[in-house]
Number of protein chains: 2
Amino acid sequence: MTTYSVLVAYNGAAFSGFARQPGQLTVQGELEHALQLIFRRQVETVCAGRTDAGVHALGQVVSFQVAEDEMQQRGSSAFLRSMNALVHDDISVRDVQLRPCEFSARFDAKYREYRYYICQQDTPPVFAANFSWHVSQALNVQAMQQAAQYLIGEHDFKSFCMAASAEGKPTHRNVHEISFSQDCILGENMLVVKVVGNAFLHSMVRAIVGSLVLVGRGKREPNWMTDVLAARNRQAAGENAPGQGLFLWHVEY
Amino acid sequence: MTTYSVLVAYNGAAFSGFARQPGQLTVQGELEHALQLIFRRQVETVCAGRTDAGVHALGQVVSFQVAEDEMQQRGSSAFLRSMNALVHDDISVRDVQLRPCEFSARFDAKYREYRYYICQQDTPPVFAANFSWHVSQALNVQAMQQAAQYLIGEHDFKSFCMAASAEGKPTHRNVHEISFSQDCILGENMLVVKVVGNAFLHSMVRAIVGSLVLVGRGKREPNWMTDVLAARNRQAAGENAPGQGLFLWHVEY
């Protein structure tokens, strides 16, 4: 068997998340269905980062194994064309790479980069409505930057993990960077929060962004973040920012 | 009576164009319905540029008249909030301005700016699918720039006007600028064609872009544009570029 990975972008609006679920439209379900049609047998996939319903990806990486010569016979371009013809229109398979046999998109990732788009303008977005969280109140970005500094480095992020997912599992993660920039999508003003880390807990980025926005709104002081980390309790952090503003942007191997 | 104008953005995907049509979801229908609910009687609107089904706007300007004190009593912010609460979610009313009594959004426009988004990448866009025309073949932008030069200035654009709309009407227009730039929407690569002119015929920008893309693909030489202009026949130009790539970007008064 040989291991390959595909680079996948998807608009998450239509999907019940990445992970395969019986009877639901999922990204993994679509990819595995296409692989099954191409290779004429069941192909299991592993992804770099599971995404929830509504969450998007530009740089999702998905690995799978096929027999040695199945891909070579076909050729990469033909494989990509077939995949894109077979999957849902809101999924785009952008690249395929040969990997070492033991490669796993999940376990071999060095770090993951997420970006969260907050639409900062008075009136609701019409183009980026599915790609951002509309916060009309002007946020204090300097305070958010200060708050973010408390989260950089290795910490127990249990307070930022969906409670059910955290039970009995390690909840330490290493966050390398949280930074802020401005972007504009078709004339709509965005505050972009970039979050880079070795790995992330379930809905961790959304909980971080939801908490940072509380600080940006002036509802909490920046150093409140130290209390949130210390609490090791999901109730201590802010609510999850909505899924539609989140993008799995890049995974580094 | 007093004249006001509103600045309107809309995602055209859901609408059968701007112009009111019985039994159809249209932008004008939505705006007039909201104005009727707010001012408790029928309010007629005039727009800067009618847009076809699927076409978007960031800077549509719509004028209307109400009795002198109806707007003042209400206040601009409250008016905008009411409008946005009443219209379809894919419409955003972004500003309201008091105008001279005789002002018309259509007849007082000095020039109009449209932008057309062409998605230039191998695989289909997933975020900008409703906001661009996917052309996977790399276009020769230099040739397109040369071709565009033939269209600058005052010309008879009958060849670029939907045939039925051109009959018996003046078809001279003054195109001030056609320029090209690169943009990126959520990681998807765009060639943006900016077209500025005093006014435009029905589907004129789409016919211009469709023709420029023929040149960019190497199917026509740049100086073919002179033949197209001279023909005064819609069959001479390229096919209309699809509506979903087009944005009415700005109207200057």
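Start by selecting A:Ile185: of the residues of chain A, this one comes closest to the rotation axis, with its C-alpha at 3.2 Å. Keep in mind as you look around that this is a predicted model.

What does that axis do? Two copies of a chain are related by a rotation about an axis and a shift along it. Here, a rotation of 180° with 0.0 Å of shift along the axis superposes chain A on chain B, with an RMSD of 0.0 Å. That is the relation of a two-fold axis. The same surface serves both copies, since 100% of the contact residues of chain A recur in chain B.

Next, show both chains and go to the place where they touch. How many residues of chain A are in contact with chain B? There are 18, and they meet 18 residues of chain B. Now colour strand E1 (2-10) and strand E4 (91-99) of chain A: each supplies at least two residues of the side that touches chain B. Strand E4 of chain A gives the most to that side, with 4 residues.

Finally, hide chain B and look at chain A by itself. In cartoon view, look for its 7 helices and 10 strands. The radius of gyration of chain A is 19 Å, close to the 18 Å that the globule rule gives for 253 residues, so chain A is as compact as a globular protein of that length. Along the principal axes, its C-alpha atoms fill a box of roughly 60 × 40 × 30 Å. Buried residues make up 44% of the 253 residues in chain A.

Conventions:
Residues are numbered from 1 along each chain as its sequence is written. Chains are lettered from A and ligands numbered from 1 in the order in which they are written. This is a predicted model: local features need pLDDT of at least 70, side-chain atom pairs count only at pLDDT 80 or more; totals for chains, interfaces and linings use all residues. The radius of gyration is taken over C-alpha atoms; the globule rule is 2.2 Å times the number of residues to the power 0.38. A residue is buried if 20 or more other C-beta atoms lie within 10 Å of its own, exposed if 12 or fewer, and partly exposed in between; C-beta atoms are placed from the backbone. Copies are superposed by least squares on the C-alpha atoms of residues with pLDDT of at least 70 in both. Two residues are in contact if their C-beta atoms, placed from the backbone, lie within 7 Å.
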